[in-house]
Structures are given as structure tokens and as C-alpha cells.
Amino acid sequence: MNYEEFTEKVKQGVEAHVANQLDDGVVVIRNVLKNNGVRMKAVSIVRKGEHATPTIYLKSFYDEYQCGRTMESICREIFKTYRNSLKNFKEKINMEDFLDFETVRDKIYYKLIHYEWNETILKEMPYFRFLDLAIVFFIIVSSDSQGTTSVPVYHHNLKSWNKTAEEIRETAIENTLQKFPADIRNMEDAISEMILNDLPSNWNENDADYISEDTVYGKYQLEDVRQIIEEEVHRLKAKKDMEMYILTNPQRMNGAACITYPGVLREFAREHQTDVYIIPSSIHEVILVLGIQWDTEELNQMVRQVNEEDVDAVDVLSDHVYLYRQKTDRIEY
């Protein structure tokens, strides 16, 4: 069954749940335009009197179907997800709040996306150019242990708020710098931290179930695992020929915007007394490489390869590196 046939079967299966459990509701399959022009198929249930409805993307369900999951199980989970998401949405969100600027003022932030790849969606929203990128704005609706829900700021929002794009930018800058401060750490420490954060703090040799089967540490005490990781990081440091740092924010969400923060790159370059290459690993982070004269085209090829093989298409920021010049305090591309 191909993807188109799968989505039609999902529509029919979810319609059966709607008919049995709801008074009304129309099941709609949509092509949702995401970042970088990526279109993703999603299912929604539209009902009378509902101003908003959850959007449930189908790609991961199709992958599970190809691995043997039944269509009945998938449709049941989609309908359950709709019910739970709608309940949470109503509990956390009052749509009337979006009409009042003072209510959302402290929830407006900004991020970076690629300008040319997003020209279609940029027609609908305020933005400012930054290099070959665009600064766009979004509202964080809710944030908890389950994740963060946000919505873009559109032209019609500015109209209802009676605000200009410049005023929104000032608000977003203030909020973003406060809530999402820049965080720079060297690559080895970041990798070590990510691995250790995946281990439970109370893990011991009898807690094998905590560790996935593809983890190769074996049955060690937590401190032994830490020691192994520290030794491996030290080995990497000893043999590396490229000094790399990760620039993002503590939440690791839309962290590439940190390259726009006042003084961040200037202070980093001053500390290391060198220009800095900026590798756009995703919209969520960039990699800073100390500016010994690297082959720019070689770095560009690396960026394109990583984008193609390892980064979700909606998270790609750019297909080439940038260079911060210490002398001019400017980013070149």
C-alpha cells in the first residue's frame, strides 16, 4: 500500500470512529505547508462550534504500518489522540487571548528560517531579513514536560493587535533574549552531557531495563559509565584537528537564532582571538569552528551532506557555512 492509499484508508477508519462516538464531525486529510516548503500529510476532525482542531501528522504512522502495525490500531490511536489533544487544547488555550496583545505580549519570540525556501509562507507573516535568512515570530501557547506548542504570528495578528512589525520585533527580542539565552559549550562536553542525561540518576548494575538494547556499555555502575564517557571524550579531544563548539539555548529549541544576539559572536571570537566559521546544523543549533583557514567549499559539502542524510527537512536552516569576521564584527556568507 503506497502513502496515498494509506491516507485514504486512515480517513475511512477515523470516519468510522467519528460516526460511532461523536454527534458530528468531518474527517479531513490536508497537506500542511511547513518550514522550507515541506508539505506533510495530516488528518483533522472538523466539528461545528470548534474554532480549532488538533492536526495529527501521518508519516510516522505510515512507517509503523510498513513495519506491521494494523490499520485498526493506527486509526484507534489517531482518534484517541484527537480526543486527548482537544481536551488539553481547551484546558490550556483560550482563542480570545490571541486577540488581545497585552495577553500574549510576554509569549512572543523569534526564530530563524531560510528566506528563499520559505517565500510562500513568508507572504502571510511579518519578517525581517538577516543575511540569506529570515527572522520570523511565534507565540508559545503552552510548554510542559510533554513539549512546547507554538503558533506563528501572521499579518492578521498584527492587524487585530494594531501593532507594527517593528513593535513586534522589539517585543520578541526582549522576550527571546530573556527566555532563551545563548549557551555555548565545546562539542565533546555537549556530547558527553547528552549521553549522561539519557541515563537515570539512580541507575545501577541491576537496572538493565533502563538501558536500551543498543547501548554498548554493558552492566556497569553509573560512575563506571561516567568514567568511560570521560575517557572517550578525552581521547576525542587529543586527536581532534578542528576546534568545535555548539551554540544554542538551554532548551535547544530554535537555538540558531543565537547568532543574532548582540555581542555573542563578538565575545566568543574575542576570547579565542580568531574569526569563526558558523556551520548551520539545524534551526535549533549551529556549530562554531575556530577560524583557521578551512576550505569553505569542503565545509559547504559537509553541510549539504548532513542536511540530506541526518537532518529532518523541516529543521534545515541553510546549505552553506557562514563566517564571522572579528575585525568587522559582521557575518559573511
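Colleague: In which loop is the place of N254?
Modeller: This is a predicted model, in which local features need pLDDT of at least 70, side-chain atom pairs count only at pLDDT 80 or more, and totals for chains, interfaces and linings use all residues. Residues are numbered from 1 along each chain as its sequence is written, and side-chain values use heavy atoms, with hydrogens and water left out. Helices (H or I, at least four residues) and strands (E, at least two) are DSSP runs numbered from the N terminus. N254 is in the loop between strand 9 (244-248) and helix 10 (264-272).

Colleague: What is the relative accessible area of N254?
Modeller: N254 has a positive phi of about 55° although it is not a glycine. Buried means under 20% relative accessible area and exposed over 50%, with partly exposed in between (1.4 Å probe, protein chains only). N254 is buried, its relative accessible area being 11%.

Colleague: Within what arc do the buried residues of helix 1 fall?
Modeller: F6, T7, V10, G13, V14, H17 and V18 are buried in helix 1. The arc is that of the directions from the helix axis to the C-beta atoms. Seen down the axis of helix 1, its buried residues line one face, because they fall within an arc of 145°.
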